[in-house]
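Here is a short briefing on side-chain contacts and strand pairing. Please look over the structure before reading on.

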Amino acid sequence: MSTEPTFERGAITFFSGRLTLKEAAAIFAHMPYELDYVNKNDEYVWYSPNPWRDNDRLQKRLTHSVLGCHPKPVQPLVKQVLKALHTGTKDVVESPQVMDGHRVLIRYYAIRDAQNQYLGALQAVSYTHLRAHETLRQL
């Protein structure tokens with residue numbers, strides 16, 4: 001059985017099942033985390049359209065270098081992460097953070113084809129709300 005997806009009559013057939021484009025779009029919109037995809041040329045080319053995201057800002061960044069999506073002080077770190085994913089030094093890089101009262105786990109995944117060729121990087125961001133009375137020890 002082929003592991004390459006196919007597209008026919010408005011649906012994508014994967015090895016693991018079949019989704020219509022409408023279903024795939026709804027799944028991405030309803031995920032409880034954010035996804036961003038950077039292609040092998042480090043261009044920001046796709047993001048999950050979650051209701052809480054700033055679509056206007058993200059649309060303007062599409063097809064631009066991912067470095068331009070980050071403030072200058074963190075660009076060296078972004079370059080490090082991308083280099084590790086490109087070269088295969090790392091397949092996953094994790095960055096736990098606290099932002100605006102949320103525990104945030106950012107994961108960067110190297111996306112490779114069946115021949116292990118680098119296709120790009122997927123960033124997955126998951127949030128956990130902190131309650132005012134909770135401390136990190138209690139979590």
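Glu-94 is partly exposed, because its relative accessibility is 47%. The model is predicted. Glu-94 meets Arg-107 in a salt bridge, side chain to side chain, at 2.7 Å from N to O. Glu-94 sits in strand β7 and Arg-107 in strand β8, so the contact ties together parts 13 residues apart in sequence.

- Strands β7 (residues 92-99) and β8 (residues 102-112) run antiparallel and are joined by 8 bridges.
- Pro-96 has Leu-105 of β8 as its bridge partner.
- The two strands form a hairpin, with 2 residues between them.
- Asp-100 lies in the turn and has a positive phi of about 50 degrees.

**Salt bridges**

- How many salt bridges does a search of the whole structure find? The search finds 3.
- In the pair of Glu-94 and Arg-107, the arginine is partly exposed, at 28% relative accessibility.
- Asp-91 and Arg-112 form a salt bridge through their side chains, at 3.5 Å from N to O.
- That pair links distant parts of the chain, 21 residues apart: Asp-91 is in the loop between α3 (75-87) and β7, and Arg-112 is in strand β8.
- Asp-91 has a relative accessible area of 46%, so it counts as partly exposed.
- Arg-112 has a relative accessible area of 21%. Buried means under 20%, so Arg-112 still counts as partly exposed.
- Glu-8 and Arg-9 also meet through their side chains in a salt bridge, at 3.1 Å from N to O.
- Glu-8 is partly exposed at 48%, whereas Arg-9 is exposed at 74% relative accessibility.
- The cut-off for exposed is over 50%, which is why Glu-8 at 48% is classed as partly exposed.

**The aromatic pair**

- Across the whole structure, the search finds 1 aromatic pair.
- The partners are Phe-28 and Trp-46, with ring centres 4.8 Å apart and 65 degrees between the planes.
- Stacked, tilted or edge-to-face? The pair is edge-to-face, because the angle is over 60 degrees.
- Phe-28 is partly exposed, with 29% relative accessibility.
- Trp-46 is partly exposed too, with a relative accessible area of 28%.

Definitions and conventions
Residues numbered from 1 in each chain as written. Predicted model: local features only at pLDDT ≥ 70, side-chain atom pairs only at ≥ 80, totals over all residues. Heavy atoms only, no water. Phe/Tyr/Trp six-rings, centres within 6.5 Å; stacked < 30°, edge-to-face > 60°. Buried < 20%, exposed > 50% of the residue type's maximum accessible area, 1.4 Å probe, protein only. Pairing = 2+ DSSP bridges. Helix = DSSP H or I, 4+ residues; strand = E, 2+ residues; numbered from the N terminus. Salt bridge = Lys/Arg side-chain N within 4 Å of Asp/Glu carboxyl O.
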